[in-house]
Amino acid sequence: SRVFGKPSGIPPGYQFVYYPCSVRRPLKDIRRTLQGIGLNNARVLDIQYPVGNVTSFLLHNDYVLEFTTAFHKIGGGSPLLDFDPLDPANLRDPKYAS
């Protein structure tokens with residue numbers, strides 16, 4: 001929780017935001033791109049590739065709206081709202097195959 005300032009009304013915590021990607025780029029290139037569109041890299045806590053065609057960004061709940069708005073403005077598309085990294089199709093482990 002914040003010590004100073006007005007509460008935002010958004011519950012505290014973090015979430016992953018998933019975006020489609022066509023190729024895996026080095027993380028330093030992604031961070032450079034984020035900086036180029038005016039996003040604060042310090043507020044993007046982690047970047048991962050959970051599957052081959054998806055990039056995930058770990059963000060604080062307060063930053064999600066600003067992040068997705070900036071992505072949308074540059075034509076980065078919309079986040080994948082129905083992506084589930086724990087879906088057996090995404091785990092790619094024969095033990096979990098249905």
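Modeller: This is a predicted model, and I would begin with the largest nonpolar core, which has 16 residues, of which L34, L39, V44, F57, L59, F67 and F71 touch the most other members. The elements that contribute two or more residues to this core are β1 (14-20), α1, β2, β3 and α2, and α2 gives the most, with 4 residues.

Biologist: What makes F57 and F67 count as buried?

Modeller: Buried means under 20% relative accessible area. F57 has a relative accessible area of 3%, so F57 is buried, and F67, with a value of 0%, is therefore buried by that rule too.

Biologist: Why is the pair of F57 and F67 called tilted?

Modeller: The count comes to 9 aromatic pairs, and in this one the rings lie 5.0 Å apart, centre to centre, with 55° between the planes. Since F57 lies in strand β3 and F67 in helix α2 (residues 64-73), the pair ties together parts that are 10 residues apart in sequence. Ring pairs also link F57 and F67 with Y19, Y63 and F71 into a cluster.

Biologist: How do you know that β2 and β3 are paired strands?

Modeller: Pairing requires at least two bridges, and strand β2 (residues 44-51) and strand β3 (residues 54-60) have 5 bridges in the antiparallel sense, so they pair. One of the residues involved is I47, whose bridge partner in β3 is F57, and a hairpin joins β2 to β3 through 2 residues.

Biologist: What does L59 touch, leaving aside residues up to four places away in sequence?

Modeller: With those left out, L59 touches G13, Y14, Q15, V17, R43, V44, V64 and F67.

Biologist: What makes the contact between D29 and R32 a salt bridge?

Modeller: The side chains meet at 3.1 Å, N to O, and the cut-off is 4 Å, so the contact qualifies as a salt bridge. The structure holds 1 salt bridge, and both D29 and R32 lie in helix α1 (residues 27-36), 3 residues apart, about one turn of the helix.

Biologist: Why is D29 called partly exposed but R32 exposed?

Modeller: Exposed means over 50% relative accessible area, and partly exposed lies between that and the 20% limit for buried. D29, at 22%, is therefore partly exposed, whereas R32, at 52%, is exposed.

Key. Residues numbered from 1 in each chain as written. Predicted model: local features only at pLDDT ≥ 70, side-chain atom pairs only at ≥ 80, totals over all residues. Heavy atoms only, no water. Phe/Tyr/Trp six-rings, centres within 6.5 Å; stacked < 30°, edge-to-face > 60°. Buried < 20%, exposed > 50% of the residue type's maximum accessible area, 1.4 Å probe, protein only. Core = buried A, V, L, I, M, F, W, Y, C linked by side-chain atoms within 4.5 Å. Contact = heavy atoms within 4.5 Å.
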